[in-house]
Amino acid sequence: MATETERKYLLSTLPQDLPPGERIDQGYLAREPDGTEVRVRRRSGRCRLTVKSGVGRTRREAEVEIDDASFATLWPLTEGRRVEKVRHVVAHDGGLEIEVDVYSGDLAGLLVAEVEFPTEEDAERFDAPAWFGLEVTEDARYKNARLATDGRPHD
């Protein structure tokens, strides 16, 4: 099982020259109090089943590509636990990529930037661009699984 280290930020506006994005349909089959979650995702015609575990900035993750028929079988089981978004990938210094998610549906208006890092040390050293807003990496309300079940947080 691989690990992923990422930081997440709210955005109030989108950056200029945003590249075209890809639609993502994501639904949750299970979500446990210990941070374990099981989801299915369709992005640009590719479907995946993902299991994540842990909490915080660094989590364990296993992904398996599934076919369209498997996705179609599992998707109805995610009713009431879904997010819809368009993801734009923005190149950043040092070979990093910023994933800008523009949510739609019940989460319309929510704009989030995520950056994945090779190591925890790289994540710690990261200097966020000026167009980033509040960091919400440790705010469980902004985890996709939580957004899918509880909706947009009201501060």
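By buried I mean under 20% relative accessible area; exposed is over 50%, and partly exposed lies in between, with a 1.4 Å probe and protein chains only.

A word on the source. This is a predicted model, so local features need pLDDT of at least 70, side-chain atom pairs count only at pLDDT 80 or more, and totals for chains, interfaces and linings use all residues. Residues are numbered from 1 along each chain as its sequence is written, and side-chain values use heavy atoms, with hydrogens and water left out.

Now the overall layout. The protein has three helices and eight strands. Reading from the N terminus, the order is β-β-β-β-β-α-β-β-β-α-α. The radius of gyration is 15 Å, close to the 15 Å from the globule rule for 155 residues, so the protein is as compact as a globular protein of that length. That radius is taken over C-alpha atoms, and the globule rule is 2.2 Å times the number of residues to the power 0.38. Helices here are DSSP runs of H or I with at least four residues, strands are runs of E with at least two, and both are numbered from the N terminus.

The C-alpha trace spans about 40 × 30 × 30 Å along its principal axes. Of the 155 residues, 40% are buried. Take the contacts with a separation of 6 or more: 55% of them come from residues 24 or more positions apart. Contact means heavy atoms within 4.5 Å.

Next, the aromatics. How many aromatic pairs does a search of the whole structure find? Six. Rings of Phe, Tyr and Trp, using the six-membered ring for Trp, pair if their centres lie within 6.5 Å; planes under 30 degrees apart are stacked, over 60 edge-to-face, and the rest tilted.

Y9 and F126 make a tilted pair, 6.3 Å centre to centre, with 55 degrees between the planes. This pair links distant parts of the chain. Y9 sits in strand β1, residues 2–10, while F126 sits in the loop between α2 (120–125) and α3 (144–150), 117 residues apart. Y9 is buried too, with a relative accessible area of 3%. F71 and W75 form a stacked pair: 5.1 Å between centres, 20 degrees between planes. F71 is buried at 2% relative accessibility, and W75 is buried at 17%.

Back to Y9 and F126. Which aromatic cluster are they part of? One made up of Y9, F117, F126, W131 and F132.

Last stop, helix α3. N144 lies in this helix. N144 counts as buried, at 11% relative accessibility. What does N144 contact, leaving aside neighbours within four places in sequence? K8, Q26, Y28, V83, K85, Y103 and E114.

L147 is in helix α3 as well. L147 is buried, with a relative accessible area of 2%. With neighbours within four places set aside, L147 contacts V83, Y103, L107, L110, R141, Y142, R152 and P153. One more pairing to look at: L147 and R82 are 65 residues apart in sequence, yet 8.1 Å apart in space, C-alpha to C-alpha.
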